[in-house]
Amino acid sequence: MKKQNLVRFALAALTAGFLIAPAMVKAQIPGGPGDGAAEAPLEDESVDKSDLWQKAKERGRTHVGSATDEPDDSGKINPLELPYLSIYYVKPIVDDKEDVKIRCYVSDWYQSEWRLDDHSHRFNIRLTIDLKESMEELETPVPPRVLELKNVKAGDHEFVVKGPWVPGEYRVELLADDMHGRRSNQIYHEFWARPKSDAEISEKETFRMQEKHLTIFKNAPISNKGDYGIFHFVDAKGKSWKDAIPLVEKAAKKIKVPSGKYVVVVPGEKYDREDHLSWFERSKFRGAHGCPLPEWLPLSYSNRSCKVIYAKDYDHDKVEAEAKKTSNGLNRLLRVAERQGFRKVVLLPGTYRISHTEPINIPSGMTLDLNGAVIKMNQFIGAGGVQITMKETFDSHVVNGIVEGDYFEHDYANSPDNSEWVCGIGMSGECKYSSYERILVRYITGYGVSHGISMKQYGRARQIGGFEPGTIDVKTGEHNPDVNGLAVSDMFPVADFYDNVGYIAASKYLGYQGRTMDQWNILFHFYDDDYNYLETVSGWQYHRARIPAKAGYARLTVYSNEPPISSGICTNLFHTPWNSWYENLFILQARCVGMAAAAMNNFKIANCSFVRSGESLATCAYDSEDGWDMMQDVWLYRNSFYKNPRNGLLTCAGHNFVIEDNEGHLNLYSRTQGYVARNNDFTRAFYGCGGRVRTLLPRVENNNYSVGVSIGDAKGGGDVDETMMEAVGDEEKNADGTPKMKRGWFIVVKDATKAPRISCGKTGMLVGVRLANVKEKSRLNMLAGELVDSENLEFGGANYMKSRLVNLKGTLAWGMLTIRDCQVIGMNVSVSTDGEVMIRDADLRNVQFNFGSVKPARLTFLNCVIDNDKPLISIPASTISDITFINCEISGSSPVIMISHTRKSNYDDMRGTVRFQDCIFNIGKNAVVDVAKDPSKCKKPLTFENAGNRLKGKFLAKQALGWGVMNSDDSGPDKRVPDVHRGRKSKTGSLR
């Protein structure tokens, strides 16, 4: 999100002692147990292994994604095209008697069922659930539960595991194999089974604060009388913050400030709760926040137009001293309650004004019930601070109240770093089974809600190196150098990871680095302390992998076509929030970001409203950015993004975001991997896709867009693989002279409805969509869809396949228009620059291409049935570069090509060719090519090729100096040629 964050984390990493050495010391691993080095059978990474890589190169490398999963000429299946497996939100806490449901999604490497409607692939999915506690501590061992779904199709699947459960934490493991034996990534999650009686907090376990408890700590008395600020709202509905300044000034002159207080004059508008609820009723959201709702909505940027008036006797220093004592007293109260065995603290109502110097820290196992109270941050000068926080907590919760920042009173002018990190509520580190619920978070200077990593790590970060070609045989544990496209590392220790948490991860350090190597998948090969092979666990970079018992060392296999000498990949596993959630929050007027995510796993954000948030800096109501690739398996469900000044829901990174039943504005950038967006009501949305290996199979379906939707990166992203979906390629030609086709990866969006504007970039594709009356400027790539009665379309860069197109108008201003296997009835394309056209296997009726005097253009028609009452192509002579018709059947009452004029042009020195080959003409007495005006003045050298056609009438109506028609026998310009046509018939019969 910010450069400051990267610098801050880098400094913290250096402070923690993490330094990646350029090469490992022979037979030693930096950062072993204790301060010394662990002995291991390692090779010095500086040893020259170029001969190994040269031998691999001679064998031939397998480039990931370059082949289909069909056997090649040798009958081999590409072993690198692994199936994809993802999981849906796992309920974190379950009753010990209830059934547990685990939902997942599986697909092949090409996501064939989604993108190509190919349901031929089959998978076996295995679920293993085991109790994490040591079996030695239990009187009766608890065996793992193993369920398997066999021979299932690609798509969503569900396991139902029957209760009861022995109380405790359970590990969930998911793994899939495809029909060729290729193994997916393994997924690990946890849940906590507890008796219902333990989950309920009794009255004996509840500490209810009384008046006497306010002064229980003599040197840290608690004040709930901190309501020194009085808000005076001025109705400025429909005005900007600038236009509201006179209203504020006028109201301020009439204000009388009570002694010892201050008044904040704020321009705003009444909060229309009914309007808000009806606005997102369409997404089935019922507004059940259960928290206090605001009476007023301040205008966006109203901190710039508000006026804060202090009483003459208001003592800033005295109030800050009181706030510090209140902060300290509340924390001491929570710690004492925890020590005395209380699980819940209920505050007295009131306003608790606290200092930015000491947030309220929630202990593990504690629920803080605000009981309608306001936790108010006292105004200050500074860049950082948080009001309520959870750090490394287990089963901690905050409910029922208001958290209010110093948005209006904050001294921005004298605060460094834009006051970005002044936060309301948050989590840091491994907060498990913890939550914030039913809270109004309002008037926050920086981030309303935040959560993410702490710099604590499980185990030691170590550079992984010494890679050589091949991998480890999972059956024998032996090194196999003959598996192309893989590289395996030297050994490294994992015992410290096992002792600390039982998991390990491998990736670039921190998280904003993206994947290393050729794809996300990796393999951990584990060994015992004597270097005996134990087992292999498959995974992804940045994701945790289970370490088997007795493991002391590991090797890592990566997917790489080149020697990964300086990949930067290392062992690491940071503490992040896990199995936690935010629910029923109302986030109002958070200046920088309403909710800022910075790493989490199996995290739920549900039934939250984001209102008037994201004015400055990151400018987002919800921003998943600084969590990078450590934001994983996130469920955003039934959230509302309402009247935010800039962005609504935005993700810049992260894996497997499932976005369902939300409403508002959406931006999913290309670094967001494997996202799901369905059943949402969006105003507008952007779905990025930077390439197959980067996207991890996104799925988008059944969303409404009242303003519009953009799909795929306009420039195609970084590393778009040439896989499966056909699109027009480069300048190379086939033997018959037609442009070659290449296969490019697309993000597929299904059932986009109610979208007046749609823009598809090079990596975006609409599938199975029925659209009508698209009037605003739109560019589409469409597969198996229908588009009717639409105009102002951008045909440049558009790609239509197996679709029905009726009554369309638009311009072709750049790029190429591709139409394949479509029915087109009524299309008018105005070509204004150097656009190109490729149409094949299509039925065309009343289609027109009107060219201006632009750079010479290329048009290709293959295997088409054409019926026109006007010329198919109207084009100046100077604009002709290469017009080709092959194996087409052409009917109508006009010439096929009309040369609109022959005026002098800058392109007259570029030869042009018009070719008709193996075509049938039924155009009456019209010439195939006609000229609107006298062609004798034309200086453009044009060649007309007439080969293998069945021709009735003239081929060229008029000739200019230098023009000529070359027939198949090189005879004359109008000689009939034999009928050798092998053309196709109309698919529908409607065009004949």
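Me: In this predicted model, which residue of β37 stands opposite Arg 462, and what makes β26 and β37 a pair?

Reply: Arg 462 stands opposite Thr 571. β26 and β37 (residues 569-572) are joined by 2 bridges in the antiparallel sense. Since at least two bridges are required for a pair, the two strands qualify.

Me: Why are β26 and β35 called edge strands?

Reply: The open sheet holds 4 strands in the order β26-β37-β32-β35, with antiparallel pairing. β26 (462-463) and β35 (545-546) each have a single partner strand, so one side of each lacks a neighbour in the sheet.

Me: What makes Met 816 buried or exposed?

Reply: Its relative accessible area is 17%. Buried means under 20%, so Met 816 counts as buried. Met 816 belongs to strand β61 (residues 816-820). The C-alpha atom of Met 816 is 5.5 Å from that of Val 837, although 21 residues separate the two along the chain.

Me: How do you know that the buried residues of α5 line one face of the helix?

Reply: The buried residues of α5 (residues 245-253) are Val 248, Ala 251 and Ala 252. Seen down the helix axis, they fall within an arc of 100 degrees, so they line one face. In general, an α-helix has 3.6 residues a turn, so residues three or four places apart point the same way. The face turned away from the buried side carries the exposed residues Pro 246, Lys 250 and Lys 253. The buried residues of α5 pack against β12 (229-235), β13 (262-270) and β15 (307-310).

Me: What makes strand β10 mostly covered, and which residues point each way from β10?

Reply: In β10 (residues 187-194), 8 of 8 residues are buried. Ile 187, His 189, Phe 191 and Ala 193 point one way, while Tyr 188, Glu 190, Trp 192 and Arg 194 point the other way. In a regular strand, side chains alternate between the two faces of the sheet.

Me: Which strands pair with β10, and in which sense?

Reply: β4 (residues 93-95) runs parallel to β10 and is joined to it by 3 bridges; here Ile 93 has Trp 192 as its bridge partner. β9 (residues 168-178) pairs with β10 in the antiparallel sense over 7 bridges, and Glu 173 stands opposite Tyr 188.

Me: Why is the pair of Trp 635 and Tyr 637 called stacked?

Reply: The structure holds 42 aromatic pairs. For Trp 635 and Tyr 637, the ring centres are 4.6 Å apart and the planes meet at 20 degrees, so the pair is stacked. The cut-offs are centres within 6.5 Å and planes under 30 degrees apart. Phe 885 and Phe 916 are also stacked, at 4.5 Å centre to centre and 5 degrees between the planes. This pair links distant parts of the chain, with Phe 885 in β68 (residues 880-886) and Phe 916 in β71 (residues 912-917), 31 residues apart. Both Phe 885 and Phe 916 are buried.

Me: How do you know that the charged end of Arg 544 sits over the ring of Trp 578?

Reply: The charged end of Arg 544 is 3.9 Å from the centre of the Trp 578 ring, against a distance limit of 6 Å. The charged end of Arg 544 also sits over the ring of Tyr 503, 5.2 Å from its centre.

Me: Why should some stretches not be read in detail?

Reply: Where pLDDT is low, predicted coordinates should not be read in detail. The chain has a mean pLDDT of 84, with 83% of its residues at 70 or more. Over residues 716-732, however, pLDDT stays under 50, and over residues 969-992 it is below 50.

Key:
Residues are numbered from 1 along each chain as its sequence is written. This is a predicted model: local features need pLDDT of at least 70, side-chain atom pairs count only at pLDDT 80 or more; totals for chains, interfaces and linings use all residues. Side-chain values use heavy atoms; hydrogens and water are left out. pLDDT is the predictor's confidence in each residue, from 0 to 100. Contact means heavy atoms within 4.5 Å. Buried means under 20% relative accessible area, exposed over 50%, partly exposed in between (1.4 Å probe, protein chains only). The arc is that of the directions from the helix axis to the C-beta atoms. Rings of Phe, Tyr and Trp (its six-membered ring) pair if their centres lie within 6.5 Å; planes under 30 degrees apart count as stacked, over 60 as edge-to-face and the rest as tilted. A charge sits over a ring if NZ of Lys or CZ of Arg is within 6 Å of the ring centre and within 35 degrees of the ring normal.
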